[in-house]
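Here are a few notes to read alongside the model. Have a look at it first, then work through the points in order.

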Amino acid sequence: MDMNDKKRRQSMIIYIIIAIAILFALNQGANVYQQQQIQTVSYSDFLTMVDNDKVDTVELNTSSNTIKFTEKGSSGVVYETTEWPNDDTLVQRLQDHGANFSAKIPDQSNDFWQLMLLYYGIPLIVMILLGWWLNRRMRKQMGDDGPSMDFSGGFGFGNGGLGKSNAKIVGEKETGVTFKDVAGQDEAKESLQEIANFLDNPKRYSDIGARCPRGALLVGPPGTGKTLLAKAVAGEAKVPFFSISGSEFVEMFVGRGAAKVRDLFKQANEKAPCIVFIDEIDTIGKRRDTSINSNDEREQTLNQLLTEMDGFDNNKGIVVLGATNRPDTLDPALTRPGRFDRRIPVELPDLAGREAILKIHAAKVKMQPPIDLGVIARATPGASGADLANIINEAALRAVRMGRNRVTQDDIEESVEVVIAGEKRKSTVLSEHEKQVVAYHETGHAIVAASQKGSAPVSKITIVPRTSGALGYTMQVDENEHFLETREDMQNQIAVLCGGRAAEELIFHQVTNGASNDIEKATKIARAMVTQYGMTDKFGMVQLGQVRNRYLGGGEELTCSEGTARDIDEEVQRIVEQGHEEALSTLKKYRFKLHEISRYLQKKETITGEEFMKIFTRDDGFGPAPTAQGAADGSQGGDQA
Ligand code: ADP
Ligand code: MG
Ligand code: ZN
């Protein structure tokens, strides 16, 4: 049952109790009146009073044979008595003593209705009036447009109805977040700075006649700090922050979403200048025409949002910020000028950005120097701000687990692996043979990588199983970040990915399921080379596939004919096979190094890039020629150029 329903029942009960009390009081009042005014006396007393000339007026009720009379000289008191049956002397006696007497034939029916009116009618009217008043008051409380008596449904919109006391429309007076708390999003911050300035002093803009954007859309993958940025704008401008999530609109019943939008903007209007933040705006802002199972409720909500955005007085300083990671699905009406006309990309952080983000979060925990966050940033390409915040937190948790009160570099490095590959799994015990296979597999990756020119140096090889299911992995950390990748780079990556399987084949003459993840990645790269990057001679610069929601890592959709699709598959196979061959030939060439390093790895379980390179580049005639290997000094991240 819903809160409002309950409340309503409670007041119903109260109002019935009040009505009963009033009825009771009226009854009592009538009785008291009668008791006070009418004094019952015996018939003989009456006769005595008549004889003593004390009786003034006498009234006989012929139906009940009761006599009511008043005393001479005393006003107000009415006496009552019952007539003695067939007292023939009474009339004569009354006449003799100068009383003023009359008889009354009571109108029975009239009396009955009078009683009914007194005892039931008036309370009933009071009850109806009271009920009407209560009902009206309650409806006012609930908001103006709730369907009048639709209170039985038990709907659960948990925001205290449609009224003022909205719990979920979070209005924060001060977010306490500023741009200082957001790292590595300099372009986004720059765009938002103007909005912050506007909110800080709307008058300056209106004076010159400038129209500030009503809305801006923060677009980017999850965890990149969109919510954080929106809060930071409010914090910078020191204005209230109203936040609501798109999904909250949709889960509600018909009509509630629109009402909630109206309410949100009403509140914002009262508190302007302020920020209205609509998270996950794609949930309500989906294109209206395309979806087959169109959702009336969502459309209504969207329409209301559009209306409100057009309606509010922009000079007051309300800016609506929306966040989404599916900009492609948004309704064009939302993004037209005057609404969310600014699109602010919030991308995954680059190397410098990652380091800055790590610094911000590292400042919140106690650290044991020396700490090199640059190393961590280099090891985490593709990590979002949220991932990085999580890495620091995991490191702190690990430090506590280890009984230390400061976080060390080791903790952070370990937690990078936890975030990338999962927790170390203590319970998985590999047999010696399995360990051997994994060691060869990982060394195979590492040797192929190390023998390539320009590939990221190997920084770590481990065969400790992880909870994610990985039995080992080889970590490659690039010194710099690359934004352009050549066809050769990609082919090299594929060859490295094939190195694990190739080593198994070469040494054990059998294959295992350990390469499934490698296969997945290699295929993905090869497919992208064919369908998106135009890197094959066969198809040239033709787009054959379209990426579905870019920010959520969605797959791609082929945009070609079926015949071409088959050709694409062949081409992908060819590219991967080429990498496989290259890996095989590399490993054949360095077969002895493969044996040596694998054995070493099997014994030590985890080795560093330096240890690996030391063995691999040792000048014994089995490794690469020193001149061909730039990183002959073996130091991790030595200049490979
Ligand atoms: P989004 O809304 O884009 O999914 P959030 O803003 O909710 O991401 O970010 C989640 C958390 O990740 C933040 O609370 C913050 O701790 C951290 N974070 C993300 N991006 C950054 C950044 N650029 N600078 C600092 N912290 C960040
Ligand atoms: Mg968010
Ligand atoms: Zn592998």
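1. Let's start with a salt bridge: E605 pairs with K435, and their closest N and O atoms are 2.9 Å apart. The term covers a side-chain nitrogen of Lys or Arg within 4 Å of a carboxyl oxygen of Asp or Glu. This pair links distant parts of the chain, 170 residues apart: E605 is in the loop between α21 (591–604) and β16 (606–608), while K435 is in helix α17 (residues 432–451). Searching the whole structure turns up 15 salt bridges. As for the element names, helices (H or I, at least four residues) and strands (E, at least two) are DSSP runs, numbered from the N terminus.

2. A word on what you're looking at: this is a predicted model, where local features need pLDDT of at least 70 and side-chain atom pairs count only at pLDDT 80 or more, while totals for chains, interfaces and linings use all residues. Residues are numbered from 1 along each chain as its sequence is written, chains are lettered from A and ligands numbered from 1 in the order in which they are written, and side-chain values use heavy atoms, with hydrogens and water left out.

3. What surrounds ligand 1? There are 15 residues around ligand 1, the closest being A183, G223, K226, T227 and H361 (a residue counts if one of its heavy atoms lies within 4 Å). Helices α7 (226–237), α13 (351–362) and α15 (385–401) each supply at least two residues of that shell, and α7 gives the largest share, three residues.

4. A nitrogen atom of ligand 1 lies 2.7 Å from a backbone N or O atom of A183. One oxygen contact, at 3.2 Å, goes to a polar backbone atom of T224, and an oxygen contact at 2.6 Å goes to an N or O atom in the side chain of T227. Taken alone, ligand 1 exposes 560 Å², and the protein buries 78% of that (accessible areas come from the Shrake-Rupley method with a 1.4 Å probe; for residues, only the protein chains shown count as cover).

5. I14, I18, I22, L26, L117, L118 and I122 make a nonpolar patch of about 550 Å². Patch residues have over 30% relative accessible area and no salt bridge, with nonpolar side chains (Val, Leu, Ile, Met, Phe, Trp, Tyr) joined within 5 Å and like charges within 9 Å. Both α1 (3–37) and α4 (108–142) give two or more residues, and the largest share, four residues, is from α1.

6. Finally, two backbone spots. Most residues other than glycine have a negative phi, and most peptide bonds are trans. D53, not a glycine, has a positive phi of about 60°; the peptide bond from P369 to P370 is cis, with omega near 5°.

Note on methods:
Polar contact = N/O pair within 3.5 Å; in protein donor to acceptor, adjacent residues only side chain to side chain.
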